[in-house]
Amino acid sequence: LLQRGMRSAVDLGCGEGQLMEALVNAGLERVVGVDHSESRVKQARRRLQAFPGQADVFQADFLQSANDSAPAWTDAARGMEAMVLAEV
């Protein structure tokens, strides 16, 4: 992503935040994560506490944009330069 000039990304299905952490450590300025699992979101938030303002994690089913939690993550993801969906 950095080689292509990207500075921000959304991690769909972020799980425990491993990829998000790697992206921030690699130099991305902003990363937003979305996962449906409450326990994984809690773990990701703990993992990413060291990056205030750079990483936000939301509990939501990104495939169900009509649910109550969708506006929060979709607003946070507005203007992001890349989306990733990867198993780490």
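A salt bridge is a side-chain nitrogen of Lys or Arg within 4 Å of a carboxyl oxygen of Asp or Glu. In this predicted model, D75 and R78 form such a pair, with their closest N and O atoms 3.3 Å apart. D75 is partly exposed, at a relative accessible area of 45%. R78 is exposed, at 62%. The structure holds 6 salt bridges.

Some of these bridges share partners. R7, E29 and E81 are joined in this way into one network. Take R7 and E81. Their salt bridge has its closest N and O atoms 3.6 Å apart. The pair links distant parts of the chain. R7 sits in the segment before β1, and E81 sits in the loop between α3 (70-77) and β4 (83-84). The two are 74 residues apart. R7 is partly exposed, with 46% relative accessibility. E81 is also partly exposed, with a relative accessible area of 33%.

Now take R7 and E29. They form a salt bridge too, and here the closest N and O atoms are 3.9 Å apart. E29 lies in the loop between α1 (18-26) and β2 (30-35), while R7 comes before β1 (8-12), so the bridge ties together parts that are 22 residues apart in sequence.

Is S8 buried or exposed? At 8% relative accessibility, S8 counts as buried, because the cut-off for buried is under 20%. A polar atom of the S8 side chain lies 3.1 Å from the backbone nitrogen of E81. Neighbours within four places in sequence aside, S8 is in contact with L28, R30, G79, M80, E81 and A82.

The helix α1 comes next. Which of its residues are buried? They include L19, M20, L23 and V24. Seen down the helix axis, the buried residues of α1 fall within an arc of 135 degrees, so they line one face of the helix. The general rule behind such a pattern is simple. An α-helix has 3.6 residues a turn, so residues three or four places apart point the same way. What does the buried part of α1 pack against? Its buried residues pack against β1, β2, β3 (55-59) and β4. Just after α1, G27 takes a positive phi of about 125 degrees.

The last stop is the largest pocket. Its volume is about 310 Å³. The lining is made up of 19 residues. Those closest to the pocket centre are G13, C14, G15, R40 and E87.

C14 lines the pocket, yet C14 is buried, with a relative accessible area of 5%. Sequence neighbours within four places aside, C14 is in contact with M20, G33, V34, D35 and V57. One of these, M20, is among the buried residues of α1. How far apart are the C-alpha atoms of C14 and L2? They are separated by 19 Å, with the two residues 12 apart along the chain.

How values were computed:
Residues are numbered from 1 along each chain as its sequence is written. This is a predicted model: local features need pLDDT of at least 70, side-chain atom pairs count only at pLDDT 80 or more; totals for chains, interfaces and linings use all residues. Side-chain values use heavy atoms; hydrogens and water are left out. Helices (H or I, at least four residues) and strands (E, at least two) are DSSP runs, numbered from the N terminus. Buried means under 20% relative accessible area, exposed over 50%, partly exposed in between (1.4 Å probe, protein chains only). The arc is that of the directions from the helix axis to the C-beta atoms. Contact means heavy atoms within 4.5 Å. A polar contact is a pair of N or O atoms within 3.5 Å; within protein, one must be able to donate a hydrogen and the other to accept it, and residues adjacent in sequence count only if both atoms are side-chain atoms. On a 1 Å grid over the protein atoms alone, a cavity is a set of points where a 1.4 Å probe fits but cannot get out, and a pocket is an open set with protein on both sides within 12 Å along at least five of seven lines; lining residues have an atom within 4 Å of a point. Grid points are joined across faces, edges and corners, and a volume is the space filled by probe spheres set on the points.
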